[in-house]
Amino acid sequence: MATITHDEALANARRLLNGQPGAALEQARAIVAAVPTSAAAHRIAAEALRRLGRADEAADAALAAVGAAVHDAAMIAAALALAENRLPEAEAALRARLKEDPTDVAAIRMLAEVAGRIGRYGDAEKLLTRALELAPAFGAARANLATVLYKQNRYAEAVETLDAVLAGDPDNPAHANLKAAALGRIGGYDEAIALYAQLVERFPGHAKLWMSYGHMLKTVGRQDDSIAAYRRGLDAEPGLGEIWWSLANLKTIRFDEADRQAMEAALAAADRGGAARDDDRLHLHFALGKAYDDAGEYAAAFRHYAAGNAIRADQLGYDAAETTAIVDAAIATCTAAFFAERAGQGDPSGDPVFILGMPRAGSTLIEQILASHSAIEGTMELPDLPAIALGLGREAKGEGRHWVAALAEASPGKLAEMGAAFLRRTAVQRKTAKPLYIDKLPNNWLYAPLIRLILPNARIIDARRHPLDCCWSNFRQHFAKGQAFSYRLSDMGAYYRDYVRLMAHLDAVQPGRVHRVIHETLLDDPETEVRAMLAFLGRPFEEGCMDFHANARAVRTASSEQVRRPINRDGVDQWRPYAEWLGPLVDALGPVLGAYPAVPDAYGGTAS
């Protein structure tokens with residue numbers, strides 16, 4: 001009898017799967033005995049065991065197939081393409097493999113990585129879930145799933161998934177680091193800090209762990225400990241620009257000459273590294289901008305701020321016209337009649353309080369004041385409302401930015417569903433039984449019409465600051481993520497102008513539904529402004545709101561240290577030493593600048 005080839009034996013085993021799983025298993029095991037590195041034979045054995053109802057053995061066989069895949073030439077080629085970021089090539093190879101064998105969990109996991117790299121997190125999640133159905137003990141896939149959940153802002157699920165990952169791999173610092181970061185996103189600060197403390201003790205030379213530890217310590221108000229952690233990180237890696245920026249971002253420390261020299265040396269080294277060191281370069285430029293500002297050397301400070309912003313602007317490729325188009329669509333669609341036709345729709349809950357407006361306009365101060373009230377809980381800048389809006393656009397129009405058109409077609413049931421979804425998604429952030437809770441994501445101004453429709457009883461507070469102070473504060477601020485508009489002066493002026501325009505329209509078509517707080521007025525007469533805010537929220541005045549700086553609650557934003565001081569005017573007129581370089585901003589702001597704190601007549605909105 002002629003000896004059959006390996007491929008012929010595999011084909012025979014696959015045929016036996018349909019109707020004779022026991023025989024297929026026997027054949028597959030015979031192949032594995034002869035060729036232990038045959039990933040295909042391990043997968044056939046796994047499928048046969050699944051069909052025989054032997055789930056645990058099937059999972060073991062599927063995992064063995066993953067291990068054997070390192071000897072598969074096609075998989076090695078796909079992995080190399082992935083490593084070299086040749087994503088179309090990797091995707092094509094992996095899809096071909098899965099067409100041939102849909103149970104190849106190694107290929108499924110790698111295809112999920114391709115999806116994750118291009119931002120298709122929903123697709124990545126489905127693929128990883130399928131991989132874990134086939135191989136529940138596949139730790140790498142479960143770890144990837146935790147990362148995908150984290151990137152979708154589903155932090156509680158990420159923590160739960162990471163608990164399972166760490167149970168099987170307790171000594172992996174990357175998994176523990178991600179868990180600590182996720183805990184911080186849901187208010188689990190004590191556990192996160194304890195995790196980071198363990199990690200830096202075990203890995204004292206890991207600069208980024210010290211930096212993450214410093215971030216968490218800053219969040220809970222332990223500033224001295226935070227600074228010490230950042231400095232330990234710099235001891236380990238003096239050229240890590242993000243740590244220098246983290247120190248600058250505390251706002252309350254002043255760099256000395258030794259710090260400036262160390263940063264300049266790190267910048268020179270990063271410049272020699274070319275584009276590969278762009279992240280270090282931009283962080284160092286922003287930190288040096290702060291350092292030279294502290295020294296009163298404004299030309300040098302602006303030079304560094306401009307250089308850092310230019311690098312980040314090129315990375316992000318923001319298009320101001322897209323924001324303007326969304327505002328145009330919202331104004332054209334969301335008329336007084338539009339709102340009247342939908343009165344009474346949405347979710348009736350009045351729990352959320354949205355503090356919105358431009359970043360760096362005083363929203364953290366307002367939140368800290370209100371969160372010092374016995375009936376109001378502060379959370380953080382929540383990502384859920386933009387996610388709901390963009391999800392609506394993708395679902396109904398195939399593109400997130402078309403959410404306004406999708407909103408126009410949304411049924412009463414859909415509006416109520418979205419409101420309930422916001423409440424459900426943000427419930428994890430609520431740590432007390434206080435009746436009101438705050439979402440202070442500034443950029444929610446773009447979605448204010450959506451708030452009025454899906455949560456008509458929620459309160460909206462618009463935090464507004466002088467255009468030049470506000471925009472200059474943004475330009476000198478490097479944000480960890482988002483705020484792509486803030487890295488060019490002209491883009492920032494256009495963004496501020498669009499913000500004023502949309503809020504003016506909402507004032508016209510929904511009068512009295514937004515309470516505006518002018519930052520400079522709050523600084524000049526805080527008690528009157530605080531009483532007015534509380535009256536808008538239907539809550540009595542409490543003296544504790546005036547002692548907001550004594551509130552020990554965690555604060556994640558760039559203003560975290562500033563709101564732990566009494567009200568002051570330190571941030572007023574900080575743009576003036578830089579006036580000669582702000583022409584593009586002034587031009588882009590147009591009539592909004594001269595009209596402040598009022599709005600230009602042309603922005604008065606339409607009431608029909």
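**A buried helix and beyond**

A: Start with helix α21. Its buried residues are S363, T364, L365, I366, E367, Q368, I369 and L370. Keep in mind that this is a predicted model.

Q: How many of the residues of α21 are buried?
A: Eight of the eight. The helix covers residues 363-370, and it is largely enclosed by the rest of the structure because those residues are buried.

Q: What lies in the loop between β1 and α21?
A: R360 is in that loop. Strand β1 covers residues 352-357.

Q: What is phi of R360?
A: Near 65°. That is a positive value, and R360 is not a glycine.

Q: Why point that out?
A: Most residues other than glycine have a negative phi.

Q: Is R360 buried or exposed?
A: R360 is buried. Its relative accessible area is 14%, and buried means under 20%.

Q: Which other residue has a positive phi although it is not a glycine?
A: Q483, with a phi of about 55°.

Q: Where is Q483?
A: In the loop between α26 and α27. Helix α26 covers 467-475, and helix α27 covers 489-509. Q483 counts as buried, at 11% relative accessibility.

Q: OK, peptide bonds now. What about the one from Y596 to P597?
A: That bond is cis, with omega near 5°. P597 sits in the segment after α31, which covers 591-595.

Q: And what are peptide bonds like in general?
A: Most peptide bonds are trans.

Q: Which residues make the contact?
A: From α7, they are V105, I108, R109, L111, A112, A115 and G116. From α8, they are Y121, D123, A124, L127, L128, R130, A131 and L134.

Q: How do those divide by class?
A: The contact of α7 with α8 has 11 nonpolar residues, one polar and three charged. The crossing of these two helices is left-handed.

Q: Where is V114?
A: In helix α7. V114 is buried, with a relative accessible area of 1%.

Q: What is V114 in contact with?
A: Leaving aside neighbours within four places in sequence, V114 is in contact with L82, L87, A90, E91 and L94. Look at N85 too: it is 29 residues from V114 along the chain, and their C-alpha atoms are separated by 8.9 Å.

Q: New pair. How do α13 and α15 pack?
A: At an angle of about 20°, with their axes 10 Å apart. Helix α13 covers residues 207-219, and helix α15 covers residues 241-248. They are therefore roughly parallel to each other. Their crossing is left-handed.

Q: Which residues meet there?
A: A207, M211 and H215 in α13 meet E242, I243 and S246 in α15. By class, this contact of α13 with α15 has three nonpolar, two polar and one charged residues.

Q: How many residues of α15 are buried?
A: Seven of the eight, so α15 is largely enclosed by the rest of the structure. The buried ones are G241, I243, W244, W245, S246, L247 and A248.

Q: What do the buried residues of α15 pack against?
A: Helix α13, plus α14 (223-236), α16 (257-272) and α17 (278-294).

Q: Last helix: α10. How many residues has it, and what does it reach?
A: Helix α10 has 14 residues, 155-168. It reaches 20 Å from its first C-alpha to its last, close to the 20 Å expected at 1.5 Å a residue.

Q: Which residues of α10 are buried?
A: Y155, A158, V159, T161, L162, V165 and L166. They pack against α9 (139-151) and α11 (173-185).

How values were computed: Residues numbered from 1 in each chain as written. Predicted model: local features only at pLDDT ≥ 70, side-chain atom pairs only at ≥ 80, totals over all residues. Heavy atoms only, no water. Helix = DSSP H or I, 4+ residues; strand = E, 2+ residues; numbered from the N terminus. Expected span 1.5 Å × (residues − 1). Buried < 20%, exposed > 50% of the residue type's maximum accessible area, 1.4 Å probe, protein only. Contact = heavy atoms within 4.5 Å. Axes fitted to C-alpha atoms, helices over the stretch in contact; angles between N-to-C directions. Parallel < 35°, antiparallel > 145°, perpendicular 65-115°, else oblique. Left-handed = near helix turned anticlockwise from the far one by under 90°. Nonpolar A, V, L, I, M, F, W, Y, C, P; charged D, E, K, R; others polar.
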